[in-house]
Amino acid sequence: MSDDEDDAQEMAQMRAAAKARQRSDAELGIPMPVSLESLRERQQRLQESAMQANQYFEGDQGRVIDGPAVDAVKQNDQSLEEEDDEDEEEDNDNENLPEAQSGVGVIDDSEVHEGLRTHFPLSFGKQESKQTPLEAIHSKTKRSEAPINKLDKQYPASITKVQGLGSIQFTSGETAVVGPLRPQLGSNDEAEEIIGPPRPQTDEASSEEDDDIDDEEGEDVYRIPLNNEIRLKGHTKVVSAIAVDPTGSRVLTGGYDYVVRMYDFQGMDSRLRSFRQVEPSEGHQIRALSWSPTADQFLAVTGSAQAKIYDRDGFTLGEFVKGDMYIRDLKNTKGHISGLTGGHWHPKDRETALTSSEDGSLRIWDVTNFKTQKQVIKPKLARPGRVSVTACTWGLDGKCVAGGLANGSVQVWNVKPGWGSRPDIFLEKAHEAGDDVTGLCFSADGHTLLSRSTDSTLKVWDLRQTRSPLKAFRDLPNSYAQTTVSFSPDERLILTGTSTEKEGNAGGLLVFFDKERLELVCRVGVSANHSVVCSVWHPRLNQILATTGDKKEGTTHVLYDPAISERGALVCVARAPRKKSDQDFQAKPVVHNPHALPLFRDEPSRKRAREKARTDPKKSKRPDLPVTGPGFGGRVGTTKGSLLTQYLMREGGMIKETWMDEDPREAILKHAEAAANDPFYIAPAYAETQPETIFQESDEEEKET
């Protein structure tokens with residue numbers, strides 16, 4: 001028998017033994033794991049071993065020299081193909097397995113085996129960690145079609161776009177039919193012969209087709225990331241400011257709870273916790289946050305008169321100086337004298353920042369020196385006075401500055417050598433008087449300006465023709481002075497947020513408008529009970545961040561789409577928190593100091609206590625020291641006749657007695673001779689029995705003698 005026949009016979013015996021082992025496992029009730037990849041790998045190994053054993057090669061004429069081993073391999077291939085077909089049928093029957101759905105190569109033991117076998121591993125050594133598929137992770141953060149309960153109750157019907165009105169019309173799903181019912185079309189319309197002209201298309205069918213076309217165009221053209229959502233929590237009040245660095249790795253949020261929270265997408269796990277919080281000014285709300293162009297510093301603007309600069313990690317670098325509130329001319333003050341309302345870093349120069357204040361001025365600061373300001377801008381007013389500047393912004397090229405005032409006007413200044421406070425563009429009645437301008441935004445070409453106000457409007461301006469706005473979108477409730485407006489990264493859309501109304505039933509919405517057609521694209525419900533204040537569409541992440549909140553809670557919503565978004569929320573959602581191990585436990589150290597025990601403690605010295613008590617007049621019970629001269633209030637010699645009344649009476653001659661300046665002994669002895677010559681009452685009664693009075697002579701008399 002040749003070697004080839006021996007190899008073929010050995011392979012046949014191996015196959016027979018494998019089948020016998022499978023049958024024995026089946027009789028014992030142990031199902032084998034179903035995996036096409038394992039069968040293909042086994043087939044490949046058998047082919048390689050057969051080819052090495054037979055050592056067949058290609059001849060000079062390009063023919064393959066066959067042998068018995070090759071025939072055995074061919075027979076093996078046919079048998080394995082038949083087994084593969086059977087396995088595919090079994091795989092189709094076992095579609096309920098999670099790994100078959102997700103496509104992950106590792107099958108869980110508990111899914112394959114039953115009974116006691118499930119508690120034992122299939123192989124020895126280090127077991128592979130079970131990986132949760134990304135589809136399952138993103139399915140948890142996927143937004144539902146109707147995320148707002150209140151909107152479901154108010155608008156339970158389908159949403160259709162009204163072209164020309166620039167708004168959304170909510171229509172009911174069941175429309176009333178007037179007249180007889182329309183005839184139903186047959187199932188085989190193509191097979192039927194139509195006599196005469198074709199039937200006219202119904203309004204419902206045409207509207208459905210238009211909606212489908214509009215939806216398809218909207219999804220293809222705008223590509224708004226709205227499929228999934230995560231929430232960054234931590235604030236106890238409404239989130240009024242947000243800033244994302246140019247790289248998209250760190251997010252800053254500030255609110256009415258006086259705190260700035262810092263989030264890092266690269267280091268954050270699925271718990272979505274901030275790594276640091278900073279309180280720039282105690283008791284002052286956060287009005288604005290802005291990153292530097294290099295993302296190494298950020299500007300924090302609060303309700304105080306001084307803005308602060310922090311580094312990337314949240315450590316204070318400096319604070320701008322405050323001006324003198326008693327100086328009337330604002331150009332002569334070194335800084336703002338009232339609370340700040342907004343602020344932005346220069347889009348290209350990392351050493352320049354802009355702030356606006358309630359004192360009616362805008363100031364351009366030198367970040368390298370916190371005590372100097374480059375320029376003071378005083379807006380143009382119809383009457384002399386001070387009007388609060390409620391919003392400010394830079395042009396994207398940094399060559400112009402815009403400011404919105406509390407009187408509804410919007411003013412634009414071009415930054416050039418020798419420029420002053422006179423505006424180059426003055427929109428006197430941009431919004432209604434008495435309503436604050438809450439947000440401003442320039443387009444990339446600098447020709448379009450967006451303005452948002454508390455009068456529930458959003459206006460689009462062409463700075464080359466400022467007589468009237470290009471479009472005014474109304475019915476956009478705005479209750480917060482920090483509500484922003486911005487463009488999409490490609491500037492095809494305009495987005496802003498709306499506030500909740502007390503009387504209305506709608507929650508906070510994100511509203512999108514088309515810049516070219518100037519019409520409404522869609523409204524997205526973000527929160528059922530909270531207002532949407534700030535909204536940012538980051539160009540590198542392709543994710544939308546919207547801040548919401550009320551008096552009790554503040555949240556930042558991050559909207560993304562796993563198919564078109566990059567990094568950001570995708571990174572932190574897929575990162576599970578680290579599991580705690582036994583090595584993480586750290587017992588609190590106990591320090592045993594023998595001299596601290598009561599047994600070894602020395603008695604405290606009482607010397608200092610005695611000295612302190614001696615100086616205390618109450619504890620020492622020291623008697624009052626004697627005083628000389630006239631007194632007042634029961635004490636002798638306390639005033640020494642220095643009262644103002646006594647001084648005036650003495651100088652005016654009203655007090656003629658000099659008893660206050662006399663010696664008491666001499667004052668008594670001068671009446672001794674008169675008392676002896678003319679005694680009165682007591683002296684005559686004791687004249688016979690009373691001894692003779694002897695007075696001590698004074699020191700002066702002794703000296704004379």
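Mentor: Let us begin with A300, which sits in strand β9, spanning residues 297-302, and keep in mind throughout that this is a predicted model.

Trainee: Is A300 buried or exposed?

Mentor: The general idea is to compare the relative accessible area with a cut-off, under 20% being called buried. A300 has a relative accessible area of 0%, so it counts as buried.

Trainee: Which residues does A300 touch, leaving aside those up to four places away in sequence?

Mentor: Its contacts of that kind are P280, A288, L289, A307, K308 and Y310. For the protein as a whole, 50% of the contacts between residues at least 6 apart in sequence join residues at least 24 apart.

Trainee: Where does A295 lie, and what is its phi?

Mentor: A295 belongs to the loop between β8 and β9, and its phi is positive, about 60°, although A295 is not a glycine. With a relative accessibility of 6%, A295 counts as buried because that value falls under 20%. L272 counts as buried at 13% relative accessibility.

Trainee: How should I read a nonpolar core, and which residues have the most contacts inside the largest one?

Mentor: In soluble globular proteins, nonpolar side chains tend to be buried together. Here the largest nonpolar core has 23 residues, and I230, V251, M268 and C572 are those with the most contacts inside it. At least two residues of this core come from each of β3 (228-235), β4 (239-244), β28 (531-538), β30 (554-560) and α9 (569-573), with α9 giving the largest share, four residues. A second, separate core has 16 residues, including Y222, L226, L495 and V526.

Trainee: What does I230 touch, again without counting residues up to four places away in sequence?

Mentor: I230 touches T141, L272, T556, H557, V558, Y560, A569, C572 and V573.

Trainee: How do I read a sheet, and what is the order of the strands in the open sheet of four?

Mentor: Follow the pairing from strand to strand, which here gives the order β24-β25-β26-β27, with antiparallel pairing. The edges are β24 (485-487) and β27 (519-527), and each has a single partner strand, so one side of each is left without a neighbour in the sheet. From one strand to the next the twist averages 20°.

Trainee: How many bridges join β25 to β24 and to β26?

Mentor: Three bridges join β24 to β25 (residues 493-497), with S486 standing opposite L495, while β25 and β26 (residues 508-514) pair over five bridges in the antiparallel sense, with T496 opposite V511. The strands β24 and β25 also form a hairpin with five residues between them, and E491 in that turn has a positive phi of about 60°.

Trainee: Which residues of β25 lie on one side and which on the other?

Mentor: In a regular strand the side chains alternate between the two faces of the sheet. In β25, L493, L495 and G497 are on one side and I494 and T496 on the other, and both faces are covered, these residues all being buried.

Note on methods: Residues are numbered from 1 along each chain as its sequence is written. This is a predicted model: local features need pLDDT of at least 70, side-chain atom pairs count only at pLDDT 80 or more; totals for chains, interfaces and linings use all residues. Side-chain values use heavy atoms; hydrogens and water are left out. A nonpolar core is a set of buried Ala, Val, Leu, Ile, Met, Phe, Trp, Tyr and Cys residues joined through side-chain atoms within 4.5 Å. Buried means under 20% relative accessible area, exposed over 50%, partly exposed in between (1.4 Å probe, protein chains only). Contact means heavy atoms within 4.5 Å. Two strands pair if DSSP finds at least two bridges between them. Axes are lines fitted to C-alpha atoms, for helices over the stretch in contact, and angles run from 0 to 180 degrees between N-to-C directions.
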